[in-house]
Every structure is written in C-alpha cells, then in structure tokens.
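Please look over the sequence and the structure below before reading on. The report that follows goes through some features of the two chains and the way they meet.

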Amino acid sequence: MSSLQFVWFLLIGLLFAIFFFLEGFDFGVGMSVNTLANNESERNALVRSIGPHWDGNEVYLITAGGAMFASFGAWYASLFSGFYVMFLLVLVALIMRGVSFEFRNEMRTDFWRRFWEWSLTISSLAAPFLLGMIFTDMVKGMPIDAQGDVIGHFTDYVNWFSIVGGVAVALLCYLHGLNFVRLKTEGTLRERASAWGKVLYPVLFAGEVVFAILVYVYTDFFAKKPISTLLILAAIVLLSVLAYVATLKDWEVTSFISGGLTLPAVVMLLFVGLFPRVMVANNAANSILIKNASSSAYTLNLMTWIALCILPFVLAYQIWSYWVFYKRIKAN
Amino acid sequence: MSILGLSILSLARFQFAMTTVFHFFFVPFSIGLGFVVAIMETNYVIQKKDIYKKMTQFWGKIFLLSFAVGVVTGIIQEFQFGMNWSQYSRFMGDIFGAPLAIEALAAFFLESTFIGLWMFTWDRFKPVWHCLFIWLTSIGSMLSAVWILAANSFMQDPVGYALKTVNGNTKAVMVSFADVVKNPELWLELPHVLFGAFLTAAFVIAGSSAWRILKGKNIEFWRKSIKISLIVGLVAAIGVTAVGDKQTQYIIKNQPMKFAATEGLYKTTGDHASWAIVEGMDNKDHKVTWSIEIPYVLSMLSYHKPSGAVTGANPLNKQLHKQYDKKFGKNMNYFVPMHTLFYSFRIMAVSAGVFALLAILGLYWNRKKSDQIVRYRWFLYILGLSLWLPFIANTAGWFVTELGRYPWVVYGLLTIADAVSPHVTVGSLLFSNIIYFLLFAGMGAVMIVLSHRVLVAGPDADLQSGYGVNDEDKQDTDESVDPYAKGAFNHE
C-alpha cells in the first residue's frame, strides 16, 4: 500500500465523517418535523433552521461517492452493485426528502402540506437507517466472489447487526438534530427538544452496549485490532455521556458538538476496522484491499492536488454561510 | 436469466436512458434559468427598477423548483454507475471518477451553498452582493456541465489514457489529465449543451409569458420577460447551430458511423451528396427504401462545398469489423439505431431553426413602440407551444450522441454489454425501473402543476419563497430583526 492510497482511504473516511456530522443534524431535524413540532409555525421554524444548509450538507455524500469512484473504482463498483436494493431505497429517500422542502412550501391544502412533511420525516429517518445498515454489513463481511462481486442473500443484508447498526445511526442523527434544534430555536420547541434528549440518551447508552457486543460477535474488529476498537468504542460512549450531561445542564454548544462527534467516531470505528481492506469478504481471500482496489498513482496524485486546492475554499464559504445564518429562529 | 424476455442489459440500458432523459429535462432548464435570472437581477442592480426585482423573484421561484428536481435526480446518476454498471466503473474508475469528484468539489458545493444564501437573504445583503450569489450559483451549475461533459467526452472519444491489465482484468488508466480536459470533443459538447440550456430557459420563459399575455394581465411584465429571454434565445439559437456545424465536421472524422446514421446513409454517396429530408429504411437488409432529397446539400453540410462523398453505414460496418474483430470477435453489430438517429437529428436541427425564427419575429414585434406582439394572437399561441420544444430537442440531441456510440460505452474500448453489473438480478432492475418511473411521473406532474400555478398567480402574487414562511411569519417580520423570520422573497 502506498502512502497515497492510504491518504485516499483516510479522505473517503473523512468525507463520510463530515457528511454524517453535517447531514446528521438535518436528518434529525427532518425527523423532528413530525415528532417534535406541534403546529404549523413550529414545523416552519424547524424546516427553516436547515433550509439554507441541507443541500450543501448532502453534497458531502455525493463528493464521498465521487471520490470513491475516482480513487477506489473497484470498491465503488462492488459496494454500489452489491447493495443494490439498499442503495435504491437510499436514493428514494434522498429524492423524496430533497423535493419535499420546496414542494411543501408550495402546497395550498393542509393535506398536501402534511403529505410532504411526512415525506420529509420518513425519508429523513430512512436515509440514515439504511446507510447505517449498509455500513455495518460492509464491515461484517459479505459473500464476495473472486471478481469482487457481492452475491448475497437476504440475511446477509438484513440481520441483527445491521438492524442495530441502522437504528443506532438513525438515533444518533435524531439526537444530533435535537441538539441542533436546541441551538437554533427558542421557546417551547427548544424545551421539548431538551426533554426528548433527556429521555433518549439513556436509550442510546443501552443501544451502544448492544452494538459493542454485536461488533464483537459479527466482526473481526476485536480479534484484529482490540486496542483501537476498544478505544474508539470508549470514545463513542464518552462523547454521548458528555452530550447527555450537557443536555441535563443545558450546555447547548457542548451537547451539539459532543453529540455530533459520535457520528464521525462511528465512521472512524468502521474505517479503522475495515483497514487495510475496503470490502470484507466472508472468504478472507476475496476481501477487496486498499492496495489493489485503488486507481493509478497518477490519478491519486492528481486528485490530491485538486482536493488540496479546492477544499479550503469550499470549507471557507460553507463556514461563512453558517455564520450568516447563526441566529435563532422563532416559532410564533 | 430473464423475466418477460427482459435481460439485465436491456433493463439497465432502459434505466440509464430513462433517468438521464428525465434528469436532463431539469438540468438545462436550471442552468439556463439560473443564467437568465442572474441577468435579470443584474439589470435590477444596475437600473434599480422594481420590475426587474419582481422578474428575478418570479422566475427565480420556478428556478428553485427546477433546481430541486435536478439535484435529486442527479444523485441517481452518480449512484447508477456503481449499481448498474459495475464493470464499467471498474474499467473506467481511474478516468471517469476524477471529473465526477471534481464536479462535486468545484461545482456542487458552490451552487448548493450559494443558492441557499440567495434564497434566504433578500433583505440582508446589498443588492450587489445578493446578485453575486445568483451568479455564483449559475457559475457553479455551468462548471458542473464542464466536468460531467469532460467525462462524457472521454466516452465518446478516449484521449490521454493507457490500457493496463492487472490479474487478467483490463482497465483504462489516466496518463494525461491535460489531454482529458483538452479533449476537442469536450469543447464542442460544452458550448452545445450550454447554448441548449440557454435556449431551454429562454423559450420556457417566452412561451409561458406568451400564454399569460393571451390572458391579458400584467402585459408590461410579460413583455419585458419576453424581451430578455428572446435576446438570450436568439444568441443561443445561432450559437448552437454554429457549434453543431463544427460538431458535424468532427464526427465525420471521429465517429463516421454516427454521422452516416444521422444522415440515413447505408451506401456511400456520390461526389455530390444530396441531403434526405425524410426517408424510409430497411434496417434488416441495410438499405434505404425511399427518400426525398435535396441535391448538393449534404456535401455542403459536411464539407462546406458542393462536392465530397460521405461514407455510408454498410462500408463503415465492414471497416469496423476489420478494425475490431481481433479484439471484440466477429459477432459484433456495428450498426447504430439508424432510424432513431436520423429523425432525432432532424428534430434537433429543425428546432434550432424554429427557435431562431421565433426569436427574431418575437423580438421585432415586441419592440418598445409597437404592440404587434399583443395583437398577433396566433403568434402568441405558437410561442406558447414552443416552450415544450427545447425539452424534445435536448432529448433528441442526447439520443444522437449516446445511441450513436453503439455498441460501445467507451468508444472502441468497452462495449455496453461488457459494462453492466454481472450479478445484479433482473428482478431488482425491474423493480428499480418501476420505482424510478413512478417517482419521475409524480415529480414531473408536481413540477408542471406548481409551475403552472406560479404562472397563473402572476408577478403580483406574494413572491415569497424560502421554505416555511406563512402569514404569521410575515406579520412577525415587520417588527423583528430576525433574519429567518423573513423568507427569501418576502421583501416588501
């Protein structure tokens, strides 16, 4: 494995980590639209809080996909064709979600307005749940043939580990969304978000324990990298405990950041466990490795320079855009 | 394995066609509309007349709707390569992935961030800065065209690559990024697509305005909209024709089979080639059955002089067999879908002429001192109907480009049959085709209903946008300094 290949493995992980941190809260806010808000103006306030940002956040997923295509074509090919139906459902969720922001706003009757609000809520739940399932399945190991194609059956995709993984990611996103709501709104909406946080964090702790056990049962993480696996799992737990404490004490920034960082920490856990593979096969000989899944050194080198040149600008104007919209939103 | 006689290959091809065509209804519309709206807002910044602000906000609203559908259908495009065409992705990742990743980095971030800023900050920035946001959005969308067409151009005309075999699998690797970007195919496709996008927006605006003038309200607003859009439309119609001519010269050399098909030629022509307006073909025996022709015109189109033979599909087929049989075997079929290409090309070419004519007439009758455009109701009906034509012409253009590359997905390097995902099942492909079809039908219907509703409501309706602004919010904003409380368009 060359250092360039390693850098790009890291970069793909980083892009997914940023994606889950950013889109994580707007998934959560999307779910909140029908679980937290009690009336139209509260729903408006929630939608408005992520209005200017959700699209930019989603671009991280598209960038991660594009970067994977560019740097590890074999990984991209096996992953997307191998999880065909699940990616199809992710797409359906992202499509319904993406149009519901605009369409909802144009509806004249309550029925259709509620239709698009439910579309937003359900798709905001489905997308992180399905992505959670895909990622847990990917590290658990799939039946992969010598060509790198996944030939799986239903239980390879849907099993206790992937269901718990999906629920965990969706729950983390929801909590992240609640923390964002506390940061961005005031009044009853904010109080309700904080009340839900106090209830749901203990549920999350139980989920984290179950998840850790399933990681031990289903993956080779503990066998191959016991120390780093334990450390990252501990970090996930610590971050969520900190977020819980911060919720109790009403330190909103702390709970938003530490609660949000649990998502990148999960991505880190999966990517560290994955290394030096990109797809884990049940038959170890067929696992797809970083060293032979990658593009040529020329392309990797080129992409590194391009990313180094463009990414700083992207980060700068995105941060600026968050700064422009830093104020709280009021539901009346 | 197949269900109802459908194979993975045919379903995957159908899906690519369906998703791309639907996506490409909205892409050129958004690129063009973003550009025209940016021109309108620039007019507002310079002339400070309220009518331009109204125009920006009115057409901006339709722009936002179209942009949303364009974004979500675009995600399908990216995922689709991995899902349905995994062998293609393995073969091409090294080259195709790079422009795709650059598109996301350089273009998608730019447009998505600044469209958010543009929507929600009408009353927070000085007009100059606010106008800059729509220009950055517009530039972002055009940049995305640059990179995705760079990828497509490689598929049409591979340059700057080498073939490398690892463990028995051959793949294309990039040798020169500069060559990939300098690909002459790209610098023909790009202006063609951009002019096509401007035409799309121009005629949707002009056509919708024509319908509204027929209803008799807000005449000044609609006439001003027609003026701006038809100026853009006229320039674009001339531009697209000029570029199209250059492309003709290019494909005669680089993809002669595609050219023979667009002209419906099986046999090589004589030295003075005549141009068939319509013709009948026998695709089994590979011959033309009847035709109506204009003498000399094909030579003129091809070589800009009255003489010069054009090679037909039959000799080209033989030539391609000679060239590729060693690599791809004797059983290849090198004939492209002749009928489709022949008529697609004519639809596209005739459309360009219709656009130019309508733009000239429309601009003339819409002169400041004249009210002819209002009186010539027959012309308004024609202009009104023409708003659908760009979508048909754009689709016809891609049929020529993509079907004309048959049987290759990457010209001369990889066949379509070898590119498909080998282990995706017919069932899941059929399922995804049905799902996409239903989604597209739904989104298309909603788009048409909503755009129509916006048009009927007219420029004096409450032009707020930015999600979630209701009446209560509006009352609130009057005394509040809260930036969120005002929607993007809630400015008065």
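In residues 302–325 of chain A, whose end C-alpha atoms are 35 Å apart, the chain is 96% helix and 0% strand; helices (H or I, at least four residues) and strands (E, at least two) are DSSP runs, numbered from the N terminus. The UniProt annotation "transmembrane region", taken from an unreviewed entry, covers residues 302–325 and also residues 157–178 of chain A, among others; such annotations may be inferred rather than shown by experiment. Residues 157–178 of chain A are 91% helix and 0% strand, with end C-alpha atoms 30 Å apart.

This is a predicted model, in which local features need pLDDT of at least 70 and side-chain atom pairs count only at pLDDT 80 or more, while totals for chains, interfaces and linings use all residues. Residues are numbered from 1 along each chain as its sequence is written, and chains are lettered from A and ligands numbered from 1 in the order in which they are written.

Helix α1 of chain A (residues 3–35) has 33 residues and should span 48 Å at 1.5 Å a residue, which agrees with the 46 Å between its end C-alpha atoms; the expected span is 1.5 Å times one less than the number of residues. α1(A) bends by about 30° at A:Glu23, where the bend is the angle between axes fitted to the seven residues ending there and the seven starting there.

Chain B has 17 helices and six strands, and buried residues make up 50% of its 492 residues. Where the chains meet, 65 residues of chain A are in contact with 64 residues of chain B, contact being C-beta atoms, placed from the backbone, within 7 Å. On the side of chain A that touches chain B, α5(A) gives the most, with 16 residues.

Most residues other than glycine have a negative phi, and most peptide bonds are trans.

| Cis peptide bond | Omega |
|---|---|
| A:Phe275 to A:Pro276 | near 0° |
| B:Tyr406 to B:Pro407 | about 0° |

A:Asp250, a residue other than glycine, has a positive phi near 65° and is exposed, with 11 other C-beta atoms within 10 Å.

Notes: Buried ≥ 20, exposed ≤ 12 C-beta atoms within 10 Å, placed from the backbone. Contact = placed C-beta atoms within 7 Å.
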